[in-house]
Amino acid sequence: MADKTPFRVIIVGAGAVGLYLGYALGLANIDYVILERKESAAAGMRNKKRTDGFTGNVLTTARFPEFMERRHGYPFVPIVRCDLPRILYHNLPDKETRIKTSSEVVAIETHSTGVQVHLKTGAVENGSLVIGADGVHSKIRSELELLYKAATGTDANVAPMMANFNGVIGRASNEDLRTEQNVLSRLAARRQSFNGEVHFATITPVPDPKPAVRQRVTMQDVEDHAASLGHVVVCRGVTFKDLWDNTGKNTLWKLNQEGLLTRWHHDRIALVGDAVHKSTSQNGLELNLGLQSAASLANELQSLLERDPLPVTSAIDQAFSRYQRTREEEVQFILRMGRKMVRDSASKSWGTWLWTRLMLPWLDIESFGYGIITSLMMIRQGLVLLYVPFIGKQGSMAWKNKPLPAL
């Protein structure tokens with residue numbers, strides 16, 4: 001019988017969710033390693049205005065960030081999503097030894113006391129469990145499903161992730177455009193302006209939706225998509241064509257996948273973030289969902305190991321089940337909301353036209369009732385790492401989850 005080894009978590013994926021989970025486990029004194037298949041890791045908005053997509057006129061100006069700071073005690077901080085992994089990476093303790101790049105997973109074996117993760121290089125990583133934070137095209141999800149079917153004879157998840165929408169994400173220099181800074185505009189092409197750049201994203205329906213798989217897209221595909229939206233006015237005097245002409249052509253093509261798995265874990269493997277629940281970018285909450293799920297999973301693992309430093313597989317399974325139950329209700333709600341939002345935006349029905357052209361432009365939905373619905377349903381529910389003492393800020397609304405008092 002093999003000697004017992006210290007509990008070790010293998011996280012696959014060095015994106016924002018994987019890096020945050022590693023940081024959270026480190027705070028709980030849980031040993032971990034992060035495997036990233038690529039060669040390197042880590043590759044508040046004060047105003048939000050709704051603009052007319054034909055004239056560029058500002059129709060409404062939201063005070064949502066102001067309301068949220070007053071109610072919850074924390075200011076909105078403007079962070080570009082693609083910059084967040086770099087921030088997490090550069091602040092991760094011992095990152096030189098904790099993160100292993102060029103470590104593509106090809107197979108996973110589980111046994112009664114741990115796991116073996118086989119890499120494309122031929123190396124093998126040994127640990128106590130595996131967390132798949134490797135995104136919507138998750139290799140760990142594929143391995144989980146293979147192991148589950150081998151063990152039970154049934155499929156783990158009958159509804160695959162679907163690619164129903166696509167678009168481009170990019171940055172344009174604001175030197176010639178001179179759009180208003182520190183502003184988020186939402187229309188057919190969403191744009192954010194700050195730090196001398198305009199960040200934009202587009203979203204359009206896919207004619208023939210298919211299960212989400214990695215696709216090879218040519219630059220001509222991207223150019224054709226951009227040309228189809230060139231007439232859209234993103235703000236007064238600036239069309240999407242103007243944005244595109246000022247964009248570095250290292251623009252990303254983004255398939256907006258959607259999906260929620262029925263099984264988030266099996267044996268000593270669990271999934272987190274886009275690997276298990278994926279919303280389109282329309283509601284801007286997909287990364288937030290992933291970080292919240294990572295916090296929930298970290299809390300469960302810390303509590304489990306506090307009771308038993310070397311838990312058996314059944315105890316790990318129970319912790320994973322609690323993690324899924326804790327997160328499912330909020331995830332389902334936000335995914336339903338995002339699904340409706342993106343279809344309303346992309347629909348060509350008369351009802352949608354009346355709503356988007358005659359009603360929505362004049363309504364500040366997010367600030368309705370000073371943002372009370374968003375506060376009650378989402379923000380006040382925010383998770384914290386229950387084992388990390390700190391003095392939190394408090395606004396006019398009490399947080400549901402509170403940290404340990406600072407020593």
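The lining of the second largest pocket draws at least two residues from each of α8 (286–307) and α9 (313–346), helices being DSSP runs of H or I of at least four residues, numbered from the N terminus. The model is predicted, so that local features require pLDDT of at least 70 and side-chain atom pairs pLDDT 80 or more, whereas totals for chains, interfaces and linings use all residues. Residues are numbered from 1 along each chain as its sequence is written, and side-chain values use heavy atoms, without hydrogens or water.

A pocket is an open set of points on a 1 Å grid where a 1.4 Å probe fits, with protein on both sides within 12 Å along at least five of seven lines; lining residues have an atom within 4 Å of a point. Of the 19 lining residues, T326, R327, E330, Q381 and K400 lie nearest the centre of the second largest pocket. The largest share, 7 residues, is contributed by α9. The space in this pocket amounts to about 500 Å³, the volume being that filled by probe spheres set on the points.

Helix α8 also packs against α1 (residues 16–27), at an angle of about 25° and with the axes 9 Å apart. The two helices are therefore roughly parallel, a term for angles under 35 degrees.

Conventions
Axes are lines fitted to C-alpha atoms, for helices over the stretch in contact, and angles run from 0 to 180 degrees between N-to-C directions. Angles under 35 degrees count as roughly parallel, over 145 as roughly antiparallel, 65 to 115 as roughly perpendicular and the rest as oblique.
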